[in-house]
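Here are my notes on this model, point by point. Have it open while you read.

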Amino acid sequence: MIQKVADSLSVKYDNARKELDEVMGGKILEFRGESIFNKGKEEGREEGREEGKEEGKVDELLDLAYDGTLPVDVAAKRAETKYKVSKEDFMKMLKAYKPDDNLMQG
């Protein structure tokens, strides 16, 4: 039905008819709400990736401090300056890091 209407309205205008055929004939129509939703989803994924990277780096510092490779104070300072994790929070995370293991040094 839409194709018949488009054909009758654009009989004299070839360019307009081509555009209508492309849009109505298979190009993806994205509604405003759908585009906002998709944009939000992509932004959420990107934020999640960034947070995951930072958490992974904090976990690396915890691991280095836990096994004694890096002094605890140095690791806590790096976490604070690079990843905005307070020293108190870093120490809490370190104490909970591997609670069943008694290897922690430092």
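1. From the N terminus on, the elements run α-α-α-α-α. That comes to five helices and zero strands. Bear in mind that this is a predicted model, so confidence comes up next.

2. On confidence, the chain averages a pLDDT of 78, and 67% of the residues score at least 70.

3. The chain has 106 residues, and buried ones make up 15% of them. If you take the contacts between residues at least 6 apart in sequence, 45% of those join residues at least 24 apart.

4. Now the H3/H4 pair. Helix H3 covers residues 32–66 and helix H4 covers residues 72–83; their axes come within 9 Å and cross at roughly 170 degrees. Angles over 145 degrees count as roughly antiparallel, so H3 is roughly antiparallel to H4.

5. Which residues make that contact? On the H3 side you'll find Glu54, Lys57, Val58, Leu61 and Ala65, and they meet Val72, Ala75, Arg78, Ala79 and Tyr83 in H4. By class, the contact has seven nonpolar, no polar and three charged residues.

6. The largest nonpolar core holds 14 residues, and those touching the most other members are Leu61, Ala65, Ala75, Val85, Phe90 and Leu94. H3, H4 and helix H5 (87–97) are the elements that give two or more residues to this core. As a general matter, nonpolar side chains tend to be buried together in soluble globular proteins.

7. Ala75 deserves a click. Leaving aside residues up to four places away in sequence, Ala75 touches Leu61, Ala65, Leu70 and Phe90. Ala75 also turns up on the H4 side of the H3 contact, and Leu61 and Ala65 are on the H3 side.

8. Is Asp73 buried or exposed? Asp73 lies in helix H4 and has a relative accessible area of 52%; the cut-off for exposed is over 50%, so Asp73 counts as exposed. Asp73 and Phe90 are 17 residues apart in sequence, with their C-alpha atoms 9.8 Å apart in space.

Terms used. Residues numbered from 1 in each chain as written. Predicted model: local features only at pLDDT ≥ 70, side-chain atom pairs only at ≥ 80, totals over all residues. Heavy atoms only, no water. Axes fitted to C-alpha atoms, helices over the stretch in contact; angles between N-to-C directions. Helix = DSSP H or I, 4+ residues; strand = E, 2+ residues; numbered from the N terminus. Parallel < 35°, antiparallel > 145°, perpendicular 65-115°, else oblique. Contact = heavy atoms within 4.5 Å. Nonpolar A, V, L, I, M, F, W, Y, C, P; charged D, E, K, R; others polar. Buried < 20%, exposed > 50% of the residue type's maximum accessible area, 1.4 Å probe, protein only. Core = buried A, V, L, I, M, F, W, Y, C linked by side-chain atoms within 4.5 Å. pLDDT = per-residue confidence, 0-100.
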